Amino acid sequence: MRKYETLQGYLYISPWLIGFALFTMAPMFVSLYLAFTRYDILSSPQWIGFGNFKTMFTADERYWSAWKATLTFVFVAIPLRLAFALAVAMLLNTKLKLLGLFRATFYLPTLIGGSVAVAIMWRQLFGTNGALNSVLAAMFGVTEKVSWITQPSTAMWTLILLAVWQFGSAMLIFLAGLKQIPASLYEAADIDGAGRWHKFRKITLPLLSPVLFFNLIMGIINGFKVFTEGLIVTNGGPFDKTLFYVLYVYEKSFRYYEMGYGSAMAWVLLLTTAAFTLIVFATSRSWVFYESGRR
Amino acid sequence: MRKKTSLLGSALLATSVLISGCGGSAGSGDSSAAPSGGASSSASAAPSDPGEKITLRLTIWGSSPMTIGKNDAVIKKFEELHPNIKIESENYAGDVYFDKLSVMAASNNLPDIIRIDYGNIQNYASKNLLLPLDPFVEDKTINLDGIDPVHTEGGRIDGDLYGLNIGNNAPVMFYNPKMLEEAGIAAPTPDYTWEQYEKDMETLQGKGLLGDTHMGMQVFAVWLRQQGAKLYGEAGDKLGYEDDKLFSDFFDIQLRWQKKGIISPLGTELEIKGLEDGPFAKGQAGFGAGLGYWSNQADVFVEALGGPVGYALYPGSGDGKGMYIKPSFFHSIAKNSKHPKEAAQFIEFYTNSLEAGRELNGYFGIPYKQEVIDGMQDILTDTQKSIIAYLETVRQHSSKIDNPEPAGHSEIQKLFKNVSDEIFFEKITPADGAAKFRELANAVLGKPK
């Protein structure tokens with residue numbers, strides 16, 4: 001009898017399963033095959049074994065620029081975004097009258113965030129004749145017009161800012177997590193004379209750690225996948241300062257007709273992301289506390 | 001019993017959801033704009049009879065309203081003459097165009113008529129994606145009688161004609177005649193030197209204006225030709241110049257201009273997306289050479305500046321070694337097009353018929369069939385007449401165009417830009433940049449194809 005129920009279940013999810021198999025799993029396996037070939041899209045792939053990987057790690061300067069840009073982004077933007085999200089969540093964790101309105105407003109950037117339209121707008125804002133320069137001129141009398149998105153020292157920061165601006169989704173999750181912390185704990189701490197920082201470190205953070213863990217993992221994975229912003233706002237420039245890994249994959253595969261190399265790069269990215277995720281999981285035993293007491 | 005019925009019910013439900021879901025996309029955010037699936041022609045591959053409806057697909061490069069409008073006008077005229085043929089055109093601008101073409105090539109979905117440029121046609125022909133046009137030339141579907149071969153030979157690769165040149169073009173340095181006059185600068189002649197160019201830009205700076213922008217790879221290629229070298233070697237497997245001083249001189253000069261402030265700041269230039277965004281188009285600079293403009297783009301600047309523009313050879317072109325005439329685009333037929341004869345008819349109409357010529361008015365390049373030029377005299381705008389005159393000047397001061405760029409050219413363009421930006425942001429010296437560019441470019445060119 002249970003067999004019928006299992007079968008029913010599979011049938012219900014079959015549309016998604018078939019889609020997944022055809023459009024996600026199958027291409028992944030093809031890409032694994034392509035990673036060991038030279039494939040210029042216009043003619044058939046030629047097997048070259050580990051050639052792509054060899055070139056990648058020994059003969060491609062731009063490859064390391066891509067890693068540098070991506071890792072900078074992951075290690076700066078993600079923590080900043082989470083810190084911001086937590087700070088705002090704590091601010092909102094009070095009995096505000098317009099709480100719903102504030103929540104929605106802060107969440108809005110995330111909704112529209114990953115899109116091309118916002119990236120184009122961001123480029124406008126931080127360009128030579130953009131809004132930021134106008135504001136600086138009007139409010140601070142700064143007359144020199146800097147192009148924030150094309151200057152080597154600031155280009156990456158405009159992109160980091162764009163990522164941090166989309167803190168809304170992490171904030172919502174933090175807010176939900178905060179609300180679950182029993183008020184009685186804070187009251188007990190107050191009675192014992194604990195200060196704000198102490199309460200934060202000893203109560204809020206540990207009890208929020210599962211949520212933090214989740215946001216961190218998601219943030220890291222999404223950070224490694226950053227693409228749209230790099231393409232639209234700075235196009236990887238200037239001279240590859242913001243050449244995100246996936247952007248480089250795109251360039252190599254579609255612009256320079258090296259799909260095999262791009263596939264190899266994609267698999268290296270997958271393995272690296274998995275490695276980072278595993279590291280976070282492994283360390284989680286020591287800093288993530290679940291209320292039930294055990295994982 | 002109940003369990004069996006509900007099993008059947010869930011099976012039906014799942015299937016109906018599956019079928020209904022088939023229509024939409026996977027929602028992964030992939031946005032391929034044009035619904036190119038619709039057009040593909042009917043099953044018969046045999047030559048069609050007049051009664052049968054045929055649809056041809058055409059891809060064009062460009063996104064400005066003028067580009068699309070002129071193209072559609074020609075299509076309409078063609079469809080009037082051939083009521084059984086319908087042409088669907090898709091347009092993409094910039095780098096995206098070639099990205100899209102390569103995806104179409106990979107999925108065996110190339111359009112019947114492909115607009116392809118000199119740089120890419122060799123790559124596509126060598127990969128066996130294009131149909132040789134010679135049979136159509138022989139049976140006069142494409143009528144090349146009376147046409148100087150110099151106009152059509154650009155499309156001939158390894159003896160076969162793979163594309164028909166849709167119009168001639170040449171690199172050009174635009175200048176703003178009013179601005180130059182007000183600044184007291186004489187209009188450039190064919191003997192214009194680099195020294196005079198620098199002096200004139202300084203004069204403009206004195207009036208609070210800019211001279212020009214930094215020089216891109218297109219100008220660099222002409223620069224090399226002026227010094228007797230080339231950008232790529234004959235076989236396309238290494239750079240065409242041995243002396244790195246040619247590279248570092250090119251950048252030393254520009255660094256000097258940059259320090260003097262007579263060219264626009266690099267930061268502003270990096271933000272430029274379209275033709276209308278450059279300092280010349282915005283009326284801030286007196287000359288427009290650095291960004292690599294072409295003679296057929298004159299209309300855009302005439303409109304942007306609200307008045308006639310001046311056309312000049314690049315500085316240092318007096319001895320005729322540097323400049324060249326180039327086919328603007330080719331029309332090619334995809335190897336697996338189901339209606340090659342109709343596609344050839346359209347190609348012929350577009351390039352060699354007077355009706356099309358009158359619609360296009362030289363927008364995609366100057367026509368080269370004498371009857372078309374003659375028949376257009378009454379409608380040629382001043383701009384077109386100026387362009388034709390300019391092309392004649394170029395013809396007198398030019399040498400044969402370089403071979404088509406090798407397959408790694410777009411990557412090398414990017415590498416050149418990267419090194420060039422590094423030099424201008426003063427992260428490396430021109431001498432180091434020369435060595436770096438050589439190393440990177442040779443690595444790309446040396447790859448087995």
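What percentage of the 295 residues in chain A are buried? Buried residues make up 32% of them, where buried means that 20 or more other C-beta atoms lie within 10 Å of the residue's own, with C-beta atoms placed from the backbone (12 or fewer is exposed, in between is partly exposed).

This is a predicted model, in which local features need pLDDT of at least 70 and side-chain atom pairs count only at pLDDT 80 or more, while totals for chains, interfaces and linings use all residues. Residues are numbered from 1 along each chain as its sequence is written, chains are lettered from A, and ligands are numbered from 1 in the order in which they are written.

**Stop 1: chain A**

Select chain A. Its C-alpha atoms fill a box of roughly 75 × 75 × 35 Å along the principal axes. Chain A has 13 helices and 2 strands; these are DSSP runs numbered from the N terminus (helices are H or I with at least four residues, strands are E with at least two). Of the contacts in chain A with a separation of 6 or more, 70% are between residues 24 or more positions apart. A contact here is a pair of residues whose C-beta atoms, placed from the backbone, lie within 7 Å.

**Stop 2: where chain A touches chain B**

Show both chains. The contact involves 31 residues of chain A and 28 residues of chain B. On the chain A side, helix H1 (2-34) and helix H12 (245-255) each supply at least two residues. H1(A) gives the most, with 10 residues. This side of chain A divides into 19 nonpolar, 10 polar and 2 charged residues. In this count Ala, Val, Leu, Ile, Met, Phe, Trp, Tyr, Cys and Pro are nonpolar, Asp, Glu, Lys and Arg are charged, and the others, Gly among them, are polar.

**Stop 3: the domains of chain B**

Colour chain B by domain: domain 1 is 54-167 + 328-376 and domain 2 is 171-323 + 399-445, with bounds from an automatic or database domain assignment. The centres of the two domains, taken over C-alpha atoms, are 30 Å apart. Between them, 12 residues of domain 1 are in contact with 6 residues of domain 2. Helix H4 (residues 118-126) of chain B gives the most to the domain 1 side, with 5 residues. That side has 5 nonpolar, 7 polar and no charged residues.

**Stop 4**

Select strand E1 (residues 54-61) of chain B, where 6 of the 8 residues are buried. E1(B) pairs with strand E2 (residues 85-92) in the parallel sense over 8 bridges; strands pair if DSSP finds at least two bridges between them. B:Thr55 stands opposite B:Lys86 in E2(B).

Next, select helix H13 (residues 340-352) of chain B. 10 of the 13 residues of H13(B) are buried, so this helix is largely enclosed by the rest of the structure. Among the buried residues are B:Phe346, B:Ile347 and B:Tyr350.

**Stop 5: the sheet E9-E8-E10 of chain B**

Which strands of this sheet stand at the edges? The open sheet has 3 strands in the order E9-E8-E10, with antiparallel pairing. Strand E9 (287-294) and strand E10 (310-312) stand at the edges with a single partner strand each, so one side of each has no neighbour in the sheet. Strand E8 (residues 171-175) pairs with E10(B) over 3 bridges.

Key: Contact = placed C-beta atoms within 7 Å.
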